[in-house]
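Trainee: Hi! Could you walk me through this one? I'd like to start with how the chains are divided up.

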Amino acid sequence: MTATELNPQQLLPGEAPVRLVDESGTPVQAEGFELPASGVLRELHRSMVLGRRFDRQATALTKQGRLAVYPSSAGQEACQVGAVQALGAGDWLFPTYRDSVALVTHGVPPVEVLELLRGGWHCGYDPYRYRAGPQCTPLATNALHAVGLAHAARLRGEDAAALVFVGDGATSEGDAHEAFNFAAVWGAPVVFFVQNNQWAISVPLDKQSKAPTLAHKAIGYGMPGHHVDGNDAAAVYAVTARALSEARAGNGPSLVEGLTYRMDAHTNADDATRYRLGDEVDLWRERDPLDRLAALLRESGLLDDASAHAVDEEAEGLAADVRAQLGTDVHLNPDELFAHVHAEPTRLREQADLLAEELPAEQEEI
Amino acid sequence: MGQVTMAQALNTALRDSLRADPNVLVFGEDVGALGGVFRITEGLAAEFGEQRCFDSPLAEAGIVGTAVGMAMYGFRPVVEMQFDAFAYPAFEQITSHAAKLRNRTRGAVELPMVIRIPYGGGIGGVEHHSDSSEAYYTHTPGLTVVSPATPADAYSMLQEAITAADPVVFLEPKRRYWTKAEVELPAATEPMHRAVIRRAGTDVTLLAYGPMVATAMEAAEAARTEEGRDVEVVDLRSLSPLDEDTVCASVRKTGRAVIVHEAPVFGGYGAEVAATINRRCFHYLEAPVARVGGFDIPYPSPKLEEHHLPHTGRILDAIAELQWEEDR
Ligand SMILES: Cc1ncc(C[n+]2csc(CCOP(=O)(O)OP(=O)(O)O)c2C)c(N)n1
């Protein structure tokens, strides 16, 4: 479908963010969307519990010097888990540095997810194995890779879609604009998921954009924009699942803005008290995405003490694994520095020889 | 085929590559119906269809960034930057992603892609249309950077670049697009990473690439007729990697070296070649390695560019200063 065939009204987000579960855990109506099936709701809950435990563990590991840095997902679990759970078997994920919980949910082993942040190698997993691009630090640049890959899948006649995460700050980058535009013009099967956590390090959203919402940006490119309560995992799942299936069906890209909040500082190395007020954080603590879904599940008889305990146990097991695997020093062979620069190492051979000569000498010194 | 221009040779290389491999895609600004502002992609959209050769929206980071995604999915995108200085918006995608993705993913992701950039001056282009941007790319590990100087090489090297496993920055000397040569296509010249001797000589080695090879050849001829010097001309062809062995064999033979490029001399690619020669040929040198290049100024306006670009006179002057026996 081309932009001109669409009614512009259909490209605009609704008046309020799509919400299927309110802050007290009560289901609410949202036009055009239904509460996901019980199995999905249970899985969203489980993945969020695991994700949050993983996230807490990773943050703890920074204090022990086991991770070089960690940008926490705390508070954003509904966005990351809800969107990733909506992916189909052939779909791709293009995450940022913020999206470790998304990757864990996507099935990438936690220790492979943390390889970048522990300072071992820039990407710890094989992108083809998990259909996930490397965690991307240059802001919004991953959006273009998602568009290219999605377009390529379409050229091959495959119905894979790509889900790419960007932050609210990253929507100001030129590459975000170019990606939105390329995707819309090409009709590429991409869902741009903007996790609007309202802060880009220390810069609040109102210094980033004057758009009514970030979802309103979509209409300028001729694609639909959806605004969703980013702390409502059920709504994130429902909206993203539909956006992905539209993309796979050949109806082009869309932009989903999840309104959420970054509970922690930008990373463990940041001090958020320098730029934001405590009561804002407290306000959002009351909107916790896990509490909300748990309340819904308990109310509908999908979660009881025993099943909640079982999920917690599983989460503790995951955390213990992460601790065990990251508690040992990462083993790296310095010779690998030269291994993946070019298909043919050419002039690097001499430099590799030089390093090889240095190494035994250094080890003797120790 | 007979007389072929470099533009025709490049066009034929793209056509033959599109025919040979269904994974090859050509896209960029105006490359479809128009055939590119230099007509390098002429007729390709008509022959191969919109799916294989297409106009993209006007955004260079977008072009290179989406090419990265396509290459990840198994295609071999060949993208065109309209002019040298208009590739700068794509710099981040080229240096942070195209160049690094193999390394970042420990070899899991290969990016076979070609970024074609018409570069250099001499065509009377207004500002931003004449930059020699090679050093930005040669300084980036993970990129292969090549520049052909003849129609036969343009054909052969572009085909080889398209089949290469790593991203190639393919610098096309736009002022030589219309240079003709007697060529039978398909032509297979030396492998892309080899430098070649364009003219054998014994007194001094001129090292050049891309647009300056023809200038170096003219200077070599002038040196013979005017000064009786026997000048060897090496066409580097590949800037990264550099074919050190061919360069050094020539300089060891002649004992003198002059590097010629259009780019400003300060921090220019010639410094790398000079350092290589000093390191590997020091004891063979009769004189310090000389560099002839553009001035260290932003590329000048069309009416002044002739003063900026290296020319025969400047090359002969550089040769004359190489501490010849008769001057000692
Ligand atoms: C191109 C680029 N510029 C600057 C940075 C440094 N930087 C890292 S994260 C960040 C803030 C990004 O904010 P946002 O996009 O809202 O995502 P969040 O970190 O909140 O998830 C900045 C400025 C970067 N990584 N990339």
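Mentor: Happy to. This is a predicted model, and in it chain A is divided into domain 1 (3-331) and domain 2 (333-366).

Trainee: How far apart do the C-alpha centres of domain 1 and domain 2 of chain A lie?

Mentor: The C-alpha centres of these two domains of chain A are 39 Å apart.

Trainee: Okay, switching to chain B. Which pairing does its open sheet of 7 strands have?

Mentor: The pairing is mixed, and the order is β3-β2-β4-β5-β7-β6-β12 of chain B. The edge positions belong to β3 (53-55) and β12 (238-240) of chain B; each has a single partner strand, so one side of each is left without a neighbour in the sheet.

Trainee: In which sense do β6 and β7 of chain B pair?

Mentor: Strand β6 (residues 144-146) and strand β7 (residues 168-173) of chain B pair in the parallel sense, over 3 bridges. Within that pair, Val145(B) is opposite Val169(B) in β7(B).

Trainee: What does helix α7 of chain B touch on the sheet?

Mentor: Helix α7 (residues 151-163) of chain B packs on the sheet and touches β2, β4, β5 (114-119), β6 and β7 of chain B. Its direction makes about 165° with that of β7(B). Take a look at helix α1 (residues 6-20) of chain B as well: this helix lies across β2 (24-28), β4 (76-80) and β7 of chain B, running at about 135° to β2(B).

Trainee: Back to domains, then. Where is chain B divided?

Mentor: Chain B has domain 1 (3-182) and domain 2 (196-327), with C-alpha centres 27 Å apart. Their contact takes 27 residues from domain 1 of chain B and 21 residues from domain 2 of chain B.

Trainee: Which elements give two or more residues to the domain 1 side in chain B?

Mentor: Those are α6 (134-138), β6, α7 and β7 of chain B. By class, the side of domain 1 of chain B that touches domain 2 has 10 nonpolar, 11 polar and 6 charged residues.

Notes:
Residues numbered from 1 in each chain as written. Chains lettered and ligands numbered in written order. Predicted model: local features only at pLDDT ≥ 70, side-chain atom pairs only at ≥ 80, totals over all residues. Domains from an automatic or database assignment. Pairing = 2+ DSSP bridges. Helix = DSSP H or I, 4+ residues; strand = E, 2+ residues; numbered from the N terminus. Contact = placed C-beta atoms within 7 Å. Axes fitted to C-alpha atoms, helices over the stretch in contact; angles between N-to-C directions. Nonpolar A, V, L, I, M, F, W, Y, C, P; charged D, E, K, R; others polar.
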